[in-house]
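Student: I would like to learn how to read a few features of a protein model. Could we go through one together?

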Amino acid sequence: MANPFAGEVTLTIDGRAHVLRLTLGALAELETAMGTDSILALVERFEGGQFSSRDVLALVVAGLRGGGWQGSAADLVSADIDGGLQGAARVAASLLAHAFTPPPP
């Protein structure tokens, strides 16, 4: 079960629930995968609704890896992601929101 206070969200892939989390290492991998010097550019793309499916995939993979998953983007090519692209985009946006929003006192 995902803990939103720890920045975790859940995504169901091929009928199995996975906990995603953007750890510092996952964020570093995400910056490398996106070819950016800053995660801020990706956050701005999501906030402005200017993200691509490649952005969503990179963010989902980073979150999965932060949650302990050992796979790669290639493993998701034929995977059944709950909600499809829209579901994955919602989870990606939620990951970003949880990663950059301080927990309540």
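Tutor: Start with a helix. The buried residues of α2 are L42, V43 and F46. Note that this is a predicted model.

Student: What covers the buried residues of α2?

Tutor: The cover includes α1, α3 and α4. After the helix comes G49, with a positive phi near 70 degrees.

Student: Which residues of helix α1 are buried?

Tutor: In α1, residues 24–34, the buried ones are A26, L27, L30 and M34. These residues span an arc of only 100 degrees around the axis, which places them on the same side of α1. On the other side of α1, L24 and T32 are exposed.

Student: Where is D14 found, and is D14 buried or exposed?

Tutor: D14 sits in the loop between β1 (8–13) and β2. Its relative accessible area is 53%, and the cut-off for exposed is over 50%, so D14 counts as exposed.

Student: How do I apply that cut-off to a residue in a helix or a strand?

Tutor: The reading is done residue by residue. L24 belongs to helix α1, and its relative accessible area of 73% makes L24 exposed. A17 belongs to strand β2 and, at 52% relative accessibility, counts as exposed.

Student: Which residues does A17 touch, leaving out those up to four places away in sequence?

Tutor: A17 touches T10, L11 and T12. A separate reading is the C-alpha distance: A17 and M1 are 16 residues apart along the chain, and their C-alpha atoms are separated by 8.5 Å.

Student: How far is L24 from A99 in sequence and in space?

Tutor: L24 and A99 are 75 residues apart in sequence, while their C-alpha atoms are 9.7 Å apart in space. For the protein as a whole, take the contacts with a separation of 6 or more: 59% of them are between residues 24 or more positions apart.

Student: In what order do the elements run from the N terminus?

Tutor: The order is β-β-α-α-α-α, with 4 helices and 2 strands in the protein. The radius of gyration is 13 Å, close to the 13 Å that the globule rule gives for 105 residues, so the protein is as compact as a globular protein of that length. Along the principal axes, the C-alpha trace spans about 35 × 30 × 25 Å.

Student: What share of the 105 residues is buried, and what makes up the accessible surface?

Tutor: Buried residues make up 36% of the 105. The accessible surface comes to about 6200 Å², and 54% of that belongs to carbon and sulfur atoms.

Student: How far apart are the mean positions of the positive and negative charges?

Tutor: The protein has 6 positive and 11 negative charges, and their mean positions are 2 Å apart.

Note on methods: Residues numbered from 1 in each chain as written. Predicted model: local features only at pLDDT ≥ 70, side-chain atom pairs only at ≥ 80, totals over all residues. Heavy atoms only, no water. Rg over C-alpha atoms; globule rule 2.2 N^0.38 Å. Buried < 20%, exposed > 50% of the residue type's maximum accessible area, 1.4 Å probe, protein only. Contact = heavy atoms within 4.5 Å. Areas by Shrake-Rupley, 256 points an atom, 1.4 Å probe, with all protein chains shown as cover. Lys, Arg positive; Asp, Glu negative; His and termini not counted. Charge placed at Lys NZ, Arg CZ, Asp CG, Glu CD. Arc of directions from axis to C-beta.
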